[in-house]
Amino acid sequence: MADGRVFREAWIAGVHKHFPGEPKASYVTPWEDTPEWEREAAAAVCEQVQQFLQLSAGHAARLSRETKSRFVATCWTAQMYKHFENPKPGYVADWPELPEWQQETDADIFEAVEQAV
């Protein structure tokens with residue numbers, strides 16, 4: 001499960017659901033065409049959510065959607081610093097600075113991992 005596909009599929013579904021207008025092609029690139037660094041980052045975040053759920057004996061599922069979204073966003077930001085010396089500001093923006101569609105998509109990612117565990 002930690003290969004990141006759950007993350008990527010939830011991201012794409014969330015973008016289609018929450019993004020206002022037509023998303024950039026890179027936002028909805030299928031897993032097979034996703035760059036290696038992004039696959040690694042998705043797998044790492046997926047694993048972090050999975051571990052968080054396991055270590056809380058599943059009780060992290062009771063967190064608010066905002067808290068779930070913040071967790072995913074924080075884990076993703078750490079991956080951006082891992083993969084890029086000077087990441088784009090949008091890659092490492094703090095949660096309150098993210099657009100609403102991205103906040104909602106991050107919550108959807110957490111819940112998709114939750115369902116897959």
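Begin by selecting Glu 32 and Arg 5, whose side chains meet in a salt bridge at 3.3 Å, N to O; the term stands for a side-chain nitrogen of Lys or Arg within 4 Å of a carboxyl oxygen of Asp or Glu. The pair links distant parts of the chain, 27 residues apart, with Arg 5 in helix 1 (5–18) and Glu 32 in the loop between helix 1 and helix 2 (36–55). Helices here are DSSP runs of H or I, at least four residues long, numbered from the N terminus. Glu 32 is exposed, at a relative accessible area of 53%, whereas Arg 5 is partly exposed, at 33%; buried means under 20% relative accessible area, exposed over 50%, and partly exposed in between, with a 1.4 Å probe and protein chains only.

Before going further, note that this is a predicted model, in which local features need pLDDT of at least 70 and side-chain atom pairs count only at pLDDT 80 or more, while totals for chains, interfaces and linings use all residues. Residues are numbered from 1 along each chain as its sequence is written, and side-chain values use heavy atoms, with hydrogens and water left out.

Next, select Asp 108 and Arg 65, which form a salt bridge with their closest N and O atoms 2.9 Å apart. Because Asp 108 lies in helix 4 (residues 100–116) and Arg 65 in helix 3 (residues 65–83), the pair ties together parts that are 43 residues apart in sequence. Asp 108 counts as buried at 16% relative accessibility, and Arg 65 as partly exposed at 31%.

To see a network of salt bridges that share partners, select Arg 65, Lys 68, Glu 104, Asp 108, Glu 111 and Glu 114 together. A search of the whole structure finds eight salt bridges.

Finally, display helix 2 against helix 3, which pack at an angle of about 140° with their axes 9 Å apart; axes are lines fitted to C-alpha atoms over the stretch in contact, and angles run from 0 to 180 degrees between N-to-C directions. Among the residues that meet here are Trp 37, Val 45 and Phe 52 in helix 2, and Phe 71, Trp 76 and Met 80 in helix 3, where contact means heavy atoms within 4.5 Å.

Notes:
Helix = DSSP H or I, 4+ residues; strand = E, 2+ residues; numbered from the N terminus.
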